[in-house]
Amino acid sequence: MQALYFYIFAVIAVIGALASIRLRNPINAILALAVSFFSLGGIYLLLAAQFVAVIQVILYTGAIVVLFLFTVMLLNLETIPKLPLTVREVAAYGMAAIFFVGMVMALKNSWSLPVFSEVRLAFPSENQDIQMLGKLLFENYVLVFQMVALILLVAMIAVAIMARKTELTQ
Amino acid sequence: MTLTVHHYLILGFLLFSIGIAGVLSRKNLILIFVSLELMLNSVNIIFLAFARHLSDGSGQIAVIFFIAIAAAEAAVGLAIVLMLFHHRQGIEIDQFFKLKG
């Protein structure tokens, strides 16, 4: 049953990803990315990462994608015209295919390792996800937490300065 | 069929390759950012898959931090895109080939 859910979510995620790199209207491409992110949230639930799944839906699809959409609407981007396949696109797809084959080849010695076929959980019990995450976050990784908070503060100040209203240069 | 880590790894690799194809083939700067976010998400899947199959919760902590950093990076990147748009009235990367403004 879990395999069925995995394949449904995986197919939707891949189709959304393919659409987001090929659609010519920027708004449609970003919305295809949002569909892909939603199904990735479902896959995170399959991996028993409930908190991360919720963060993915709220933060990624609910804030970052919306940020992209606002920027596209602010800049009033137009639909890209339909052109035949350029050399740049063919080279890009070829390089992506080479990367994919290379990465799958890197797995070839590990297909039969038993540690990768057992079904386990990241935390001892499936219902303790948030408690254990909080324990890890604030005991082992508290310095990283503070640094990421500092990074977010710096990013906010940088964006506030960069996106100021300036005089139109003529 | 039980799901092994390889299922999630292949999915992560596939999304990463699709992201690479998008980053290299798109000409619009914002659409390049969109493909970059796809690559970041594929890395999240791989980290969560290993966190589950190696019974280590640090993978989920890493993914939380990656999502936060990706949000900060997207905000700063889009602010830079806005400034470039005001400066050059266009977002195609083909027109940004000179370092001197």
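How much area is buried between chain B and chain A, and what percentage of that area do carbon and sulfur atoms give?

**Entry 1: ground rules.** I am working with a predicted model, in which local features need pLDDT of at least 70 and side-chain atom pairs count only at pLDDT 80 or more, while totals for chains, interfaces and linings use all residues. Residues are numbered from 1 along each chain as its sequence is written, chains are lettered from A and ligands numbered from 1 in the order in which they are written, and side-chain values use heavy atoms, with hydrogens and water left out.

**Entry 2: the interface.** I looked up the buried area first: it is about 6800 Å² between chain B and chain A, and carbon and sulfur atoms give 78% of it. Buried area here is the accessible area (1.4 Å probe) that two parts lose on being put together, summed over both. Chain B puts 70 residues into the contact and chain A puts in 76 residues, contact meaning heavy atoms within 4.5 Å.

**Entry 3: polar terms across the interface.** I found seven residue pairs in polar contact between chain B and chain A, both residues at pLDDT 80 or more. A polar contact is a pair of N or O atoms within 3.5 Å; within protein, one must be able to donate a hydrogen and the other to accept it, and residues adjacent in sequence count only if both atoms are side-chain atoms. On the chain B side, α1 (5–25), α2 (29–53) and α3 (58–88) each supply at least two residues that touch chain A. Helices are DSSP runs (H or I, at least four residues), numbered from the N terminus. The largest share of that side, 22 residues, comes from α3(B). By class, the side has 48 nonpolar, 16 polar and six charged residues. Nonpolar covers Ala, Val, Leu, Ile, Met, Phe, Trp, Tyr, Cys and Pro; charged covers Asp, Glu, Lys and Arg; the others, Gly among them, are polar.

**Entry 4: salt bridges.** I counted by rule: a side-chain nitrogen of Lys or Arg within 4 Å of a carboxyl oxygen of Asp or Glu. The structure holds three salt bridges over all chains. One salt bridge lies across the interface of chain B and chain A. A:Arg88 and B:Asp94 form a salt bridge, with the closest N and O atoms 3.0 Å apart. A:Glu89 and A:Arg22 form another, at 3.6 Å from N to O. A:Glu89 sits in helix α4 (residues 87–105) of chain A and A:Arg22 in helix α1 (residues 2–22) of chain A, 67 residues apart.

**Entry 5: helix packing.** I took axes as lines fitted to C-alpha atoms, for helices over the stretch in contact, with angles from 0 to 180 degrees between N-to-C directions. Helix α2 (residues 26–46) and helix α3 (residues 50–75) of chain A have axes that come within 8 Å and cross at roughly 175 degrees. The pair is therefore roughly antiparallel (over 145 degrees; under 35 is roughly parallel). Their contact has 19 nonpolar, four polar and no charged residues.

Note on methods. Parallel < 35°, antiparallel > 145°, perpendicular 65-115°, else oblique.
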